[in-house]
Structures are given as structure tokens and as C-alpha cells.
Amino acid sequence: MKNLSTDIRREIRQKLESRKKALIQTKTDYQVEAKPEPRKDIPDLANEELKFNIASSLADHELHQINEINGALERLEKGTYGFCESCDEAISAKRLRALPEAKLCITCSRERENLASTSQHMSRV
């Protein structure tokens with residue numbers, strides 16, 4: 001983790017912890033929103049089911065982000081934070097400040113996005 005100063009690591013840790021706290025609250029809000037209310041007619045039931053599905057999907061997304069943050073915090077503890085999981089090169093401090101849970105350097109991230117885009121295009125053909 002020699003690529004980042006102590007101040008930058010502290011800043012990133014605070015950012016991750018703050019974001020995690022906000023995501024946990026948002027996830028909880030979505031879960032509360034997803035709880036069905038007693039209704040009797042079919043349109044209300046359909047509306048409740050739609051509301052439940054949307055809130056559940058959003059809560060799942062928040063959980064995924066929380067897991068990404070937990071992974072970043074774990075990497076900080078292990079001393080592997082800030083290095084690309086693909087090429088082992090240092091991830092720029094600028095990228096980590098913008099996306100503290102980043103696992104890939106910008107080059108590897110773009111390559112992965114291009115590969116995913118290409119494979120999606122090929123599956124449509």
C-alpha cells in the first residue's frame with residue numbers, strides 16, 4: 001500500500017465508512033418500504049407486489065454496494081488496497097478518491113467494460 005499516503009488512506013477509509021453507513025440506512029428504508037400493507041382489492045395487491053419488487057431490487061443493489069465497500073475496507077486492513085486485482089499495478093489516488101471501492105485500475109476497468117460490451121453485442125447477433 002506504499003502507493004498511498006497515510007492521509008489519503010485515512011480520507012478514503014472515512015469516505016468508505018460514511019458511504020457504508022448511508023447505504024445501510026437506505027437499504028433499511030427500502031426494506032421497510034417493501035413490507036406489504038393490508039389491502040383487499042386486486043389493484044392494490046398488484047401495486048403492493050410491484051412496490052415490493054422494486055424496493056427489493058433496490059435493497060439488493062445497496063447490499064451489493066455495501067459488500068464492495070466491505071471488500072475495500074478489508075483490503076485496507078490487509079495492505080492490498082490500492083492495487084489492481086487484474087494487473088497488480090497501483091490504482092491512481094485520483095481514481096480511488098472518486099471510487100474508493102475500485103478494485104481495478106482505469107486501464108483494466110476499461111478493458112473489462114469493452115470486453116463486456118463486445119460480448120453483449122456478439123450475443124445479440
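Which residue forms a salt bridge with glutamate 85, and how many Å apart are the closest N and O atoms? Point 5 takes this up. The model is predicted.

1. **Overall fold.** The protein has four helices and zero strands. Along the sequence the pattern reads α-α-α-α. Of its 125 residues, 24% count as buried.

2. **Nonpolar core.** The largest nonpolar core holds 18 residues. Leu4, Ile12, Leu16, Tyr81, Cys84 and Leu96 touch the most other members. Helix 1 (6-34) and helix 2 (42-78) each supply at least two residues of this core. The most comes from helix 2, which gives five residues.

3. **Largest pocket.** The space in the largest pocket is about 260 Å³. It is lined by 15 residues, and those closest to its centre are Glu68, Leu99, Glu101, Ala102 and Lys103. Helix 1, helix 2 and helix 4 (106-124) each supply at least two residues of the lining. Helix 2 again deserves a look here: with four residues, helix 2 gives the most to this lining.

4. Lysine 103 and glutamate 68 form a salt bridge, with the closest N and O atoms 3.5 Å apart. The two ends come from distant parts of the chain, 35 residues apart. Lysine 103 sits in the loop between helix 3 (93-98) and helix 4, while glutamate 68 belongs to helix 2. Both residues are among those closest to the centre of the largest pocket. Lysine 103 is partly exposed, at 30% relative accessible area. Glutamate 68 is also partly exposed, at 22% relative accessibility. The cut-off for buried is under 20%, so glutamate 68 at 22% does not count as buried.

5. **The opening question.** The partner of glutamate 85 is arginine 75, and the closest N and O atoms are 3.9 Å apart. A salt bridge here requires a distance within 4 Å, so the pair at 3.9 Å qualifies. Glutamate 85 lies in the loop between helix 2 and helix 3, and arginine 75 lies in helix 2, so the bridge ties together parts that are 10 residues apart in sequence. What about exposure? Glutamate 85 is partly exposed, with a relative accessible area of 48%. Arginine 75, in contrast, counts as buried, at 11% relative accessibility.

6. **A bridge within one helix.** The structure holds six salt bridges. One of them joins arginine 10 to aspartate 7, with the closest N and O atoms 3.0 Å apart. Both residues are in helix 1, and they are three residues apart, so about one helical turn separates them. Arginine 10 is partly exposed, with a relative accessible area of 44%. As a general point, side chains of opposite charge can pair when their charged atoms come close.

7. **Nonpolar surface.** Leu50, Ile54 and Leu58 make a nonpolar surface patch of about 260 Å². Leucine 50 is found in helix 2.

8. **Valine 32.** Is valine 32 buried or exposed? Valine 32 is exposed, with a relative accessible area of 52%. The cut-off for exposed is over 50%, so valine 32 falls in that class. This residue lies in helix 1. Valine 32 and phenylalanine 52 are 20 residues apart in sequence, and their C-alpha atoms are 9.7 Å apart in space.

Note on methods
Residues are numbered from 1 along each chain as its sequence is written. This is a predicted model: local features need pLDDT of at least 70, side-chain atom pairs count only at pLDDT 80 or more; totals for chains, interfaces and linings use all residues. Side-chain values use heavy atoms; hydrogens and water are left out. A nonpolar core is a set of buried Ala, Val, Leu, Ile, Met, Phe, Trp, Tyr and Cys residues joined through side-chain atoms within 4.5 Å. Buried means under 20% relative accessible area, exposed over 50%, partly exposed in between (1.4 Å probe, protein chains only). Patches are made of residues with over 30% relative accessible area and no salt bridge: like charges are joined within 9 Å, nonpolar side chains (Val, Leu, Ile, Met, Phe, Trp, Tyr) within 5 Å. Accessible areas come from the Shrake-Rupley method with a 1.4 Å probe; for residues, only the protein chains shown count as cover. A salt bridge is a side-chain nitrogen of Lys or Arg within 4 Å of a carboxyl oxygen of Asp or Glu. On a 1 Å grid over the protein atoms alone, a cavity is a set of points where a 1.4 Å probe fits but cannot get out, and a pocket is an open set with protein on both sides within 12 Å along at least five of seven lines; lining residues have an atom within 4 Å of a point. Grid points are joined across faces, edges and corners, and a volume is the space filled by probe spheres set on the points.
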